[in-house]
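Please read it alongside the sequence and the coordinates shown here.

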Amino acid sequence: MKMKIGILNLHMQARGGGEKKTLVLAEHLSRRHDVLLFSNEQLNRPSLERYFDVDLSRIRFVLLNQRGKRGYSPRNARLDNLTAQFSQFRQIKALELEVFINNSHCSILPCPSARGIYMCMFPHKSSTWIGKDYCRRAYHLLMDRAEKRLLGCRVSDFIDSYAAVTANSCFTAEWVNKMWGRRAEVIYSTCDSMGPPAAKEKIILNVGRFLRGGPGTLYKQQHVLLDVFKQLTAVQQAGWQLHFAGSMATDEESKLLVKRLKDAAKGCSVFFHFDATHDALRDLYRRASLYWHATGYGFPAGEQPELQEHFGLTTIEAMSAGAVPVVINSGGQRETVTHAIDGFLWNELSSLADQTIRLINDPHLMEQLSRQAMSSSARFSRAAFNNNMDIIIRRLMPN
């Protein structure tokens, strides 16, 4: 049965794993259904097709109207949030979708369709402001009633409006249950094969968005990896290079942190590939021998789970091209890399350095893990992801 299906993602400019998942699913569903892609900005269709290697010709792009915001205050924040949610909710609901899929990170939009799927990359904490005095309590009571009348539920209870919730890893599913009290079905994100591997070179690769994280740090911890590489003087003297690739955030703080990173890399065999095309990125994966990843380093997973790598798409892409992963033992990476079988997991930076040196000094071990990494990556294919989403959608439909 042909259906009208809507997919929401308000972060397409990030061009990360979540956005890839959105577009891969949209392309797949558009072969049999009418698919609408909701965004809050004008999207460049050809650019997205080239970057993510997808065909979006059958998809209808829908730009959601945005409402202006008042000057910031806790009270205005909630009122502005309700105004924005109601505007989006009303626009989408008017289109009478059979299925609505929310794949927008940190979205609190209640489901505007009779059947909805919330695809969670990681659960976010409620930011609802709670007052203590009589006037503030009265205000929030009024807002609760307004949300129920306009949206059908309080924004803080949005997740209950979705018939199904998915998580991109067991790690994420565990936190969905802890934070939201919902059971989430684990559907690993889609990954393309970046192989077959080319002749391997003395390249250590890291792929991740250049985005500010904590004070003075990058979210993907590229500065940490650079520090480790700079200490490996013998490795550099042997001709090894460190390559960083990823999209660039546009805010000024992120730009400043990247400038500091580049300045710190001067004089070392370090190369940067900002906003690389799909073909250029695939070429890097194919030539790289090792893949490093450090997102979450310095932040205990049990205390700050939101700062971990919740799945690790780029690690899988590297494995598919035969690059051996040497990645942090945290978050979703523990589910995608099997220690000493298809890569190495580390807890301390000294271990990252030691494991890297071990692989460099043992080409036979590197080749063995490389072959197994390619084999292991196959379970995260586009076909597997799309098939799992089809199963959920069929289950939601009436007999």
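## Surroundings of W292

Setting aside neighbours within four places in sequence, W292 is in contact with I204, L205, N206, L225, V228, F229, L232, L242, V326, V327, L352 and T356. The model is a predicted one. Its chain has 399 residues, of which 53% are buried, and its secondary structure comes to 14 helices and 13 strands.

**Nonpolar cores**

- The largest nonpolar core has 32 residues, and L290, W292 and L359 are those with the most contacts inside it.
- Two or more residues of this core come from each of α6 (222–231), β9, α8 (252–264), β11, β12, β13, α12 and α13.
- In soluble globular proteins, nonpolar side chains tend to be buried together.
- Among contacts in the chain with a separation of 6 or more, 70% are between residues 24 or more positions apart.

- An open sheet is formed by 6 strands in the order β10-β9-β8-β11-β12-β13, with parallel pairing.
- The edges of this sheet are β10 (270–274) and β13 (344–346); each has a single partner strand, so one side of each is left without a neighbour in the sheet.
- From one strand to the next, the twist averages 20°.
- Strand β8 (residues 203–207) runs parallel to strand β9 (residues 241–246), and 5 bridges join them.
- Within this pairing, I203 has Q241 in β9 as its bridge partner.
- Helix α12 (residues 349–361) packs on the sheet and touches β8, β11 (290–293), β12 (324–328) and β13. The direction of α12 makes about 155° with that of β13.
- Helix α13 (residues 363–377) also packs on the sheet, where it touches β11, β12 and β13. The direction of α13 makes about 85° with that of β12.

**Strands β5, β6 and β7**

- Strand β5 (residues 116–120) and β6 run parallel and are joined by 4 bridges; M119 has T166 in β6 as its bridge partner.
- β6 also pairs with strand β7 (residues 185–186) in the parallel sense, over 2 bridges, and A167 stands opposite V186 in β7.
- In strand β6 (residues 164–167), A164 and T166 point one way while V165 and A167 point the other way, and all are buried.

**Packing of α1 against α14**

- Helix α1 (residues 17–29) packs with helix α14 (residues 382–396) at an angle of about 70°, and their axes are 10 Å apart.
- α1 and α14 are therefore roughly perpendicular to each other, and their crossing is right-handed.
- On the α1 side, K20, K21, V24, L25, E27, H28 and L29 meet R382, F385, N386, M389, D390 and I393 in α14.

**The covered helix α10**

- Helix α10 (residues 313–320) is mostly covered, with 8 of its 8 residues buried.
- Those buried residues are L313, T314, T315, I316, E317, A318, M319 and S320.
- Just after α10, G322 takes a positive phi of about 85°.

**Backbone features to note**

- Most residues other than glycine have a negative phi, and most peptide bonds are trans.
- D53 is not a glycine, yet has a positive phi of about 55°. D53 is placed in the loop between α2 (45–52) and β3 (60–63) and is partly exposed, with a relative accessible area of 45%.
- Q221, also not a glycine, has a positive phi of about 60°. Q221 is found in the loop between β8 and α6 and is buried, with a relative accessible area of 5%.
- The peptide bond that joins G195 and P196 is cis, with an omega of about 0°; P196 lies in the loop between β7 and β8.

Conventions. Residues are numbered from 1 along each chain as its sequence is written. This is a predicted model: local features need pLDDT of at least 70, side-chain atom pairs count only at pLDDT 80 or more; totals for chains, interfaces and linings use all residues. Side-chain values use heavy atoms; hydrogens and water are left out. Two strands pair if DSSP finds at least two bridges between them. Axes are lines fitted to C-alpha atoms, for helices over the stretch in contact, and angles run from 0 to 180 degrees between N-to-C directions. Contact means heavy atoms within 4.5 Å. A nonpolar core is a set of buried Ala, Val, Leu, Ile, Met, Phe, Trp, Tyr and Cys residues joined through side-chain atoms within 4.5 Å. Buried means under 20% relative accessible area, exposed over 50%, partly exposed in between (1.4 Å probe, protein chains only). Angles under 35 degrees count as roughly parallel, over 145 as roughly antiparallel, 65 to 115 as roughly perpendicular and the rest as oblique. A crossing is left-handed if the near helix is turned anticlockwise from the far one by less than a right angle, and right-handed if clockwise.
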